[in-house]
Structures are given as C-alpha cells and as structure tokens.
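Please keep the coordinates open while reading.

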Amino acid sequence: MKIKKLIAQNREIISYLIVGLLTTLVSLSTYFICTHTFLNPENAFEIQIANLISWFFSVTFAYITNRIFVFKSQSKNYIKEIFSFFTSRMATLLMDMGIMFFIVTLMHYNDGVGKLISQVVVIVANYVLSKVFVFKGENKK
C-alpha cells in the first residue's frame with residue numbers, strides 16, 4: 001500500500017527516468033547504426049555527424065514521450081512547445097560540453113568520471129527546464 005502511494009506521488013519523476021533510459025537507448029542505437037553502416041567512426045568529422053544525428057533522434061523521441069507520458073501536455077501550440085524543448089536541450093548540450101571541458105580538459109580528470117558528473121547535472125537540468133519552460137502546468141491532462 002505504501003509503495004503504491006509512493007509511486008503515485010512520484011509518478012512524474014519515475015516516468016521521466018524510464019523515458020530517459022529509453023531515450024538513451026535511442027541515442028546509442030542511432031549512433032551505432034550510423035557508425036556501423038554509413039559513417040566512419042575513425043573519421044573525426046563523421047563521428048561528430050553520427051553524434052548530431054543521434055542527438056536529433058533522441059531529442060525527438062524524448063519530446064514525444066515526455067509530452068505524452070511524463071508531463072501529459074495538452075498544449076495545442078506544438079510549434080512553440082517543440083521549439084522550447086529543442087532549445088532547452090541545446091542549452092543542456094552546451095552545458096554538457098562545458099562541464100566535460102572543465103572536468104576533463106582543465107582539471108585532467110578521467111573522462112568517464114566527468115561524463116557521469118555531467119550526466120547527473122544534465123538530467124536534472126533537462127527535467128527542470130521541461131517542467132518549468134516547456135510543459136507548463138496549465139497544459140496538462
């Protein structure tokens with residue numbers, strides 16, 4: 001009984017984490033499909049193209065699933081909502097790059113540790129930006 005209540009009280013956050021895991025799978029799958037079919041992972045330029053394609057597909061997937069399952073948006077203004085979502089994700093992409101630059105390049109820490117730290121910050125920032133700026137309360141089911 002207490003577990004059901006706890007899950008119900010935290011439905012949005014639990015849904016966000018599940019969608020985040022699925023978004024990560026979309027991102028990784030897209031990246032590896034690109035680098036194992038038509039882009040060369042040994043070419044620095046092509047690896048960035050694969051990363052951008054992966055980012056685009058994962059953010060598109062994240063928008064759709066966050067809209068439907070996490071924030072239950074009813075907004076009719078799709079263009080504004082999509083623009084806000086992609087803009088906020090671009091901001092956290094830049095944040096991710098900045099954190100990695102600081103931790104790995106300037107501080108000389110391990111890139112795996114840097115990526116873990118960065119991802120925690122980015123996940124929290126993505127949730128806050130989505131809740132506050134993209135999927136505002138007045139557009140929920």
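The model is predicted. The chain has five helices and zero strands, so that from the N terminus on its elements run α-α-α-α-α. Of the 141 residues in the chain, 31% are buried.

**Overall dimensions and contacts**

- Taken along the principal axes, the C-alpha atoms occupy a box of roughly 50 × 30 × 25 Å.

**Helix 2**

- Helix 2 covers residues 11-37 and contains 27 residues.
- From its first C-alpha to its last, helix 2 reaches 38 Å, which is close to the 39 Å expected at 1.5 Å a residue.
- Its buried residues are Glu12, Ser15, Tyr16, Val19, Thr23, Thr30, Tyr31, Cys34 and Thr35.
- Against what do these buried residues of helix 2 pack? Their partners are helix 3 (44-70), helix 4 (78-106) and helix 5.

**Helix 3**

- Helix 3 also has a count of 27 residues, and its first and last C-alpha atoms are 36 Å apart, close to the expected 39 Å at 1.5 Å a residue.
- The buried residues of helix 3 are Ala50, Ser54, Trp55, Ser58, Val59, Ala62, Tyr63, Thr65, Asn66, Arg67 and Val70.
- The cover over the buried residues of helix 3 includes helix 2 and helix 4.

**The pair of helix 2 and helix 5**

- The axes of helix 2 and helix 5 (residues 111-134) come within 12 Å and cross at roughly 125 degrees.
- The crossing of helix 2 past helix 5 is right-handed.
- On the helix 2 side the contact is made by Glu12, Ile13 and Tyr16, and on the helix 5 side by Ile123, Asn126, Tyr127 and Lys131.
- Sorted by class, this contact holds four nonpolar, one polar and two charged residues.
- Glu12 and Tyr16, which take part in this contact, are also among the buried residues of helix 2.

- Most residues other than glycine have a negative phi.
- Lys72 is not a glycine, yet its phi is positive, at about 50 degrees.
- Lys72 sits in the loop between helix 3 and helix 4, and counts as partly exposed because its relative accessibility is 29%.
- His108 likewise is a residue other than glycine with a positive phi, near 65 degrees.
- His108 belongs to the loop between helix 4 and helix 5.
- Is His108 buried or exposed? With a relative accessible area of 67%, His108 is exposed.

- Phe83 is part of helix 4.
- The relative accessible area of Phe83 is 58%, over the 50% cut-off, so Phe83 is exposed.
- How far apart are Phe83 and Val134 in sequence and in space? They are separated by 51 residues in sequence and by 8.8 Å in space, C-alpha to C-alpha.

How values were computed: Residues numbered from 1 in each chain as written. Predicted model: local features only at pLDDT ≥ 70, side-chain atom pairs only at ≥ 80, totals over all residues. Heavy atoms only, no water. Axes fitted to C-alpha atoms, helices over the stretch in contact; angles between N-to-C directions. Helix = DSSP H or I, 4+ residues; strand = E, 2+ residues; numbered from the N terminus. Left-handed = near helix turned anticlockwise from the far one by under 90°. Contact = heavy atoms within 4.5 Å. Nonpolar A, V, L, I, M, F, W, Y, C, P; charged D, E, K, R; others polar. Expected span 1.5 Å × (residues − 1). Buried < 20%, exposed > 50% of the residue type's maximum accessible area, 1.4 Å probe, protein only.
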